[in-house]
Amino acid sequence: MEKKNLDWENIGFGYIKTDKRFVANYKNGAWDNGVLTEDDKVVISECAGVLQYAQTCFEGLKAYTTENGQIVMFRPDMNAARMARSCKRLEMPVFPEEKFVDAVAQTVRANMAWVPPFGSGATLYIRPYMFGSSQVIGVKPADEYQFRVFTTPVGPYFKGGAKPLTIKVSDFDRAAPNGTGHIKAGANYAMSLHAIVTAHEEGFAENMYLDAATRTKVEETGGANFLFVTKDGKVVTPKSNSILPSITRRSLMYVAKEYLGLEVEEREVFIDEVKDFAECGLCGTAAVISPVGKVVHHGEEIAFPSGMEKMGDTIQKLYDTLTGIQMGKIEAPKGWIYTIEEV
Ligand SMILES: *Cc1c(COP(=O)(O)O)cnc(C)c1O
């Protein structure tokens, strides 16, 4: 199969329209089978539930080319399960989990020419999402929904290596204690935009959000979970029911324990103890791990010993091991790598 003629290393992180996308509709209480289509336009009522009351959720994962030339995805069943949980919380119909994985695989297979080659650092980003498509004016769930999957090639997240970030403790809250922080709702992102634009204006790369109830505990950033490493090499991640459970973070915790033999702990992490950690990183599909060099908390600077030049040693090992597993250089735990067969 002939690849598209793109400058893979320099495509950046925007939307590039690919050939096909998957579309399924929910009507009269049932999903249709869904189709692959070239039509990238969505036509819905001006009064659609998603437009009025933000009834929408999404997922994000990647397809990429391994060292031996196979096209694979990383743990798509985890995205299927998470989207099912998001749908339930938003009173949306679940798109069956096996069908989700199949729809994602079909979409990638239909866009094989857009999957970046091994070694380019680029990947094919996959965006499954669902929204209320029928008219809603009184506040209630829509009766009809659309589930779609599109793909877009994205460049390497960090060109020329990952430089540690400086982030700030936000004065805004991301998620209420019994709210929607634990699901991938579009609304969580809408309300984070002002906070991130403000942080960027102040010269910070990201926001560290604290728990909204007490503002003493670390939660996450707008789109990535935290990992910390203690001075004696233990890997710690914050525990809270308003954090979005990152698949990357859960995979890294497994890798830390089972591949690197490190002690791991998921527990409450207080902002006051952040100064005692040796390393800090942000985990998510896009970058796997972004190192954090500094956290600024109301003018007080917390600088991690790992510094501002490179990733800390433990975070580097975690990064190398997980990306090694993803790229087929290190044997993966059973079920982690989903191979897309060419047709
Ligand atoms: C998607 C997301 C993450 C990262 O999850 P991954 O499954 O690792 O990509 C973290 N936090 C939030 C709020 C998210 O929406």
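Hi everyone. Let me begin with a term: a residue is buried when its relative accessible area is under 20%, exposed when over 50%, and partly exposed in between, using a 1.4 Å probe and protein chains only. Helices (H or I, at least four residues) and strands (E, at least two) are DSSP runs, numbered from the N terminus.

Now some background. This is a predicted model, where local features need pLDDT of at least 70 and side-chain atom pairs count only at pLDDT 80 or more, while totals for chains, interfaces and linings use all residues. Residues are numbered from 1 along each chain as its sequence is written, and side-chain values use heavy atoms, leaving out hydrogens and water.

Let's look at strand β7, residues 123-132. Nine of its 10 residues are buried, so the rest of the structure largely encloses this strand. Which strands does β7 pair with (pairing takes at least two DSSP bridges)? Strand β8, residues 145-154, runs antiparallel to β7, with 10 bridges between them; here Y129 is partnered by R148.

What does F95 touch, leaving aside neighbours within four places in sequence? F95 is in contact (heavy atoms within 4.5 Å) with F22, A24, W31, F100, A103, M130 and F147.

Methods: Pairing = 2+ DSSP bridges.
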